[in-house]
Amino acid sequence: MAENGLGSDAGSQEYLATEVINLDIEELDNTEYAIPAVEELPSLESILTEPDCTSLSGTDDDFGLTPGEKLGSSETTSVGSHLSLNSLNKSNKASQPTSSGAILRHVILKGISSQIVSASEKVNAGLASAVAAGGNMLVVGTSHGLVLGFDSSQTLRWCDQEARHQGSVSALCFNYDGSRILAGFARGHILMLDSSNGKVLRTLTDVHPLDTAVLHVKFTDSPKVALCSDSGGSVFELNFTRVMGVRGCDSRCLFSGSRGEVCTLEPLLLNHLPSHALKNYTLVAMATLSKVIVVCIRPRMRVVLTHPLSGASIAPPQLSWQLVVIQAADASRVIDPVLALARDDVVHFYQVCTEAGSRIKLSPLRRMTLPYTISNLRWLNPRSLAVLDTQERLHLLDVRAQDNLETLDMSRVGISYASSHFKGLSTGGNVSKAMALAGERACYNTVVTFGTQLLLLGTKSLHVVCIRTWTERLRHLTMQRRYPEALALGLSFYQDKGKAVVGLRGSKQRRKQIARDKVCQVLIQYMEELNHCVADENSEFEIVTICVDYCIQLENTDLLFGKLWDLVSESEGLKASYLHALESPLLDGSLRPRLPPLIAQQLVTLYDQEDKVDSLQAIIVLLDVDCLDIHQVTTLCRQRGLWEALIHLQTTALGDFTASIHQLVPILQSMLTNSKDSLTRDSIQLGNALLVYASCCLAGRGFPRDELPEGMSQRAKTDVLRALLSQHSSLANDTERQYPYLRTLLQFDAKGFLDVIAIAFQEPEFTSEMGLRQRQRLIDILLNIVMPSTPLSPRNPDYITDEQRNLVLIFIANEVAENTVNLEPSMLNKMIEILCTDSNMGSSHELKTDKENAILGLLRSKKLRNISDNTLLNLAERANFMRVAELLYSAREDWIAVCKCMILHPSRHHDIWVWLKHLSPNSLQLVVMANAEALVGINANQFAILIATHLQTKVSEILQILENTPTLQYTLLEALYQIVQYKEEDITLELTTEMLEKYLELMCELQPDHVVEHIQGFHGCRLNQALQIVQKANHKDAEAVMLEKLGNYQDAFDILLKEFQNNLELYCRNKVSENASIHSAIQLAGICRRSAGNLDWMPLVETILQTHSNSNDEKVEKLSGKLLRIALEFLSGTTALSTVLEQILKHPLATSGTIGDIRQLLSGVLTHSRYEQTLVETTARLVSLELHKALKKSLRDAGRACASVSVVCPICRHLLSQCTEYIVVFSCGHSFHLECLGEPKSCYKCLKSKGWAPIVTNVTHTTKSFHEHKQILPPEFMRNKDLSLRLAPPTSLPDLEGIF
Amino acid sequence: MANRGTAQRPNGSTQGKICQFKLVLLGESAVGKSSLVLRFVKGQFHEYQESTIGAAFLTQTVCLDDTTVKFEIWDTAGQERYHSLAPMYYRGAQAAIVVYDITNQDTFVRAQTWVKELQRQASPSIVIALAGNKADLSNKRVVEFDEAQTYADENGLLFMETSAKTAMNVNDIFLAIAKKLPKNEQSGSASTSGQGRRLVETEGQKAATGNCCK
């Protein structure tokens, strides 16, 4: 096979090695690897001269072209690659030109790639296997051990063939200044080269164990110290020495592969920083398959961090350092290294912290989970990570936002993997399986970063990926005419929100400025699209809208109002969309409300044409006045009825506060007269605008928003007030009445207008001395308007409706009550009269309350002294103003009348009781006597409490009063009875027997259902009397109960039996329900039980059996079965079954009738006895079970040991052992001297901490005393040894359905 | 529609620079300010022109050699109650026309006070023109031509007698102002912060130089 061809170059020694490999390769499945079967072994030359490699002269720029593709595919056919390097075989995968590539730039280094190819062709260099860059050099190692040095212009400077026999170059590394190179080889050699000429300076042969491939060589910050790791998983520190001019090297094992195999290591390099707290330290991160270890080598060996790793076995661990500017919580900025460590699909970030002078610490920052398996991970800049996944796609990640910015397919590169090094194929393959698996996708030395560039080494080419600068990205988008994306991107740069931004430098301000200029250029380009794009209208409108939006966001009004306007102004459609686009930024404030006058004019015209009056009004109000064509706007506002805008213009532009009122109120007036009944929408708008305007001005605020400029508010107030109070309008005719404006506004919305005045009255202009006079004047005028000397007919346009008049009067009354204005007494009288008389007409409830309150206010402020009480009282009563009347009566101390007033006023009802309580006892008595009926009606319970507490002596009298109304009397009695029954604390009330009997009597009459319950409880009546009452009321059930109480069981039984028989009879005739019969049967049976044998209960059974035998109705039979069961239930408890049986058998029915009649009864009895037997057995079993359990528990408790938690008695603080008497140990573990514990004996500590502690009851004089030792006793009911069974009282009926 | 984008100006001038100026008309009410502007902008004349409320805004472009002059004209209302508005308009203006009625002496007196106010309050570089309107009613003339001419000369004003009705001297007076206005430096736009705006080459589509009016 081809391997032999490859190996033929090497000496015989290596032949052995290839032999070994050969065995390995033999197992390769030819079909799986698509290896063509060869007839004869091709020579190496013949393979290398295959034409496929010539295509490297492809483009140097962005690709997406086939050459790279071919390069990858050619790889698969070259069998040699399987030995040294394997590449993913993605041969003929159709290339999908991705639309991405906007952020990452992908370049093939054509020069170097062609050199690699020609080297492999001409000098049998093999395929590229490692790459490193440093200084201004770039070195590439090949699979045949060649190291090629290139300079920055991609020309080959030197070629080192020194180590041709050492297998492939597996690792390369530059030192900091780029003068030295370390090269590691698959067979274990390490060379140090001079990067300027490729001369070997040192050959390190014995720095690590033989037979292991070098996987990594890394310089540290110190030029004398380097690190290397081998395929055995060990890490060595290399110290270069130079003794007497002889270069040498010492090695030291840092980490042995026996403790886990290191796959990758990464020292932290800080050389390029001028100063940093970490400079004195040398940190190295090493990753095995299961964990990451960060070690500090200098000045002292120490492990700083270990972090466990997990993931699929094929996923190689990843490490990468980056210096990141970190903003601390206190806004100070530090540059700290951040370590990204990853395996499989999880990335962790750790920040290195150095607190001044203290130790180094790595603190976790965050964790990221990716949807793919990582095969390489490198930082590109402090915000961006480049991640290569196992599918050879390169992902650009933004670390802060944690999102994937771009994905590039890298399969064209044909990345060369170091799997053979990891497998140690050149050294005998003595590596662990895990290591070999992990190396499958290891590309540590072929995917490396150089600055912000990512170098990707393919087996035959070298690719570079870097992030485009921001201008490039913009250009890239604009070139493709993706303007909206370009603008969005540009805006994100401008707003400092861009991701993976490269090349934008300077202070924040400067960056903003640069970005803005650039984006404006893009914007201009985009606008020019308008000229060229002859496409559909919609896209043009879109362009306009987007341009307007970005102009505003970039705060570039020059562009917005200049170029853009010039472009759109010639087409109506574009202009319209331009103007529309302006609206929302204007309204939300992102655009200053200043437009060039021409644009403002066009905007107004457009919105007028489109009938968007509401938006138009908002915009007019918003815009600065000096950019509006006032003539146009004013005319428009008048036509369209944009009153707010009109008022706004007049006040802000002209500074004229009166004009609006003089001009607009007459308009409102004419509207009101023209449409008398209902107000039009327009007039409502105008009226409201005027009211708000007046209110704003009177309060000294701007209309419709904002504040008035300094010094204007005073003028606004006086001007508007003067205008409102003008005696006549400017265009008055002779018939006009005085104060037309006030009249109009009152007519429009009296309540609203009065509110406006009320608000204005709070201003200092109405509270100073002058102000009060103003107020008085205004009130006088209002009074004049609403109480004209000659009444107006409702047809008169100036007519004021009653409601409006009332509102005004209420307002005035309130003002008078507040003492701010005075009225002549006669005027006041008249006012009161109107207020009181008008209320008879159907006015709303609210208005009535308002009026009443107004009068109350006047009364309280003592403004009505001039009106006699009687007149006022008359008026109030006529108007039904109960509260006024109440106030007047209480002034006279006529409590009964007051109480009546309160009773009449439903909303005062709950106040009555409090009020009554505060009355003196005498007057209380009078009041209660007078109003007893009404009061009981309102709340009997409250009343009962009241008389129980205050008028105990008068209870009977009060009841006397209620004699005529039994219902009320009964409710009162009931309430009183409740009080007596459920005694409230401070009430001691005794009801006399008469009263209680009366109560019973009334109850029989009014609530017969409750009687039985009542007499069974405490009823307080004489028994005979009660019996009579019940008999009189013909209440059979109750009578039976009373008879039973008197001991007359037989009579009670007879009554009930009769009742029962009636019920049964009725039931048979379907008159009453089944329940009634059952109920009476239960009662009967109950009485039999209670009488306990004194009674002959046979009649009951007889009755039941009789019904049973008499009827053949199935329904009745069923019922009698039930009844029989009930009877048996009740009887079985009291009488022995044998007796029952005997009785039944003795009964004539049994003797005379057939046995069939009583068979059922008998079988019932027998079943019952069986049931009882089972019951007894089960109960006995349960009891013994319980006993057993209790015993078990007690035994367990007794067997548990208690240990003392302390050796000191917590009370006396002496040792427990020092005691004269005994020690008490509680189950909680605390122990005390017996003499220290007081009585009762309980744990003192638990008492203190938990608040409770069980008390010891079993202090016996033994050394150990168990707390709460339970005495083992049978349960309570078992103690009595007499285990003769008794029947329990009947509980629920067992389901014996079907037995009977 | 298709070639709309090629910046075709109303006057057909597709080369040279564009200058934009703010011009304000002042004067007693009913001297014919609005008529004058209407004649200049739309070439119309209404016998019964309604009185202006506050101020009206119009634009007109004139060509002057290779320069396009764009006038933003603020036609203010003459009524006394709108007097307070006037400063808002003449404050940033590069030119003003003070109009009087040759048949009414009072309007001439008023015009003189306007001129004084402008000289005192407006920008010092403002170009003021005096227009004696209603020249068609010369039989009712009260203000003599010489008298006005003398006054204008003394105060360094442009002066013409115009007639909006017959269009006499209407375009001439605006052209005269346009000629007199400075067109080469940025003072016009710079001093007014956005009122008179940038002057850009018409061919600005090609690589925006960012360099205004050379």
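**Exercise 1. Decide whether B:Arg110 is buried or exposed in this predicted model.**

Step 1. Find the relative accessibility. For B:Arg110 the value is 17%.

Step 2. Apply the cut-off. Buried means under 20% relative accessible area.

Step 3. Conclude. B:Arg110 counts as buried because its relative accessibility is 17%.

Step 4. B:Arg110 sits in helix α3 of chain B, which covers residues 105-121.

Step 5. List its partners, leaving out residues up to four places away in sequence. B:Arg110 touches B:Glu28, B:Glu80 and B:His83.

**Exercise 2. Describe how helices α18 and α20 of chain A pack.**

Step 1. Locate both helices. Helix α18 of chain A spans residues 643-654, and helix α20 of chain A spans residues 681-698.

Step 2. The angle is about 35°, and the axes are 9 Å apart. The crossing of α18(A) past α20(A) is right-handed.

Step 3. Name the residues that make the contact. From α18(A) come A:Trp643, A:Glu644, A:Ile647 and A:Thr651. From α20(A) come A:Asp682, A:Gln685, A:Leu686, A:Ala689, A:Leu690 and A:Tyr693.

Step 4. Sort these residues by type. The contact of α18(A) with α20(A) holds 6 nonpolar, 2 polar and 2 charged residues.

**Exercise 3. Explore the largest nonpolar core.**

Step 1. State its extent. The largest nonpolar core has 265 residues.

Step 2. Pick out the residues with the most contacts inside this core. Among them are A:Leu560, A:Tyr578, A:Phe943 and B:Leu130. A:Leu916 is another of them.

Step 3. Find the main contributor. Helix α22 of chain A (residues 740-760) gives the most to this core, with 11 residues.

Step 4. Another core, of 31 residues, lies apart from the largest one. Its members include B:Val31, B:Leu58, B:Ile73 and B:Ala131.

Step 5. Zoom in on A:Leu916. Set aside its neighbours within four places in sequence. A:Leu916 is then in contact with A:Leu924, A:Val927, A:Leu935 and A:Leu946.

**Exercise 4. Summarise chain A, then one annotated stretch of it.**

Step 1. Count the elements. Chain A has 47 helices and 30 strands.

Step 2. Check burial. Of the 1300 residues in chain A, 51% are buried.

Step 3. Check contact range. Take the contacts in chain A with a separation of 6 or more. Residues 24 or more positions apart account for 57% of them.

Step 4. Read the record. An unreviewed UniProt entry lists "domain: RING-type" at residues 1209-1246 of chain A.

Step 5. Describe that stretch. Residues 1209-1246 of chain A are 8% helix and 16% strand. The end C-alpha atoms of this stretch are 14 Å apart.

Methods
Residues numbered from 1 in each chain as written. Chains lettered and ligands numbered in written order. Predicted model: local features only at pLDDT ≥ 70, side-chain atom pairs only at ≥ 80, totals over all residues. Heavy atoms only, no water. Core = buried A, V, L, I, M, F, W, Y, C linked by side-chain atoms within 4.5 Å. Buried < 20%, exposed > 50% of the residue type's maximum accessible area, 1.4 Å probe, protein only. Helix = DSSP H or I, 4+ residues; strand = E, 2+ residues; numbered from the N terminus. Contact = heavy atoms within 4.5 Å. UniProt positions renumbered as here; feature names shortened; annotations may be inferred. Axes fitted to C-alpha atoms, helices over the stretch in contact; angles between N-to-C directions. Left-handed = near helix turned anticlockwise from the far one by under 90°. Nonpolar A, V, L, I, M, F, W, Y, C, P; charged D, E, K, R; others polar.
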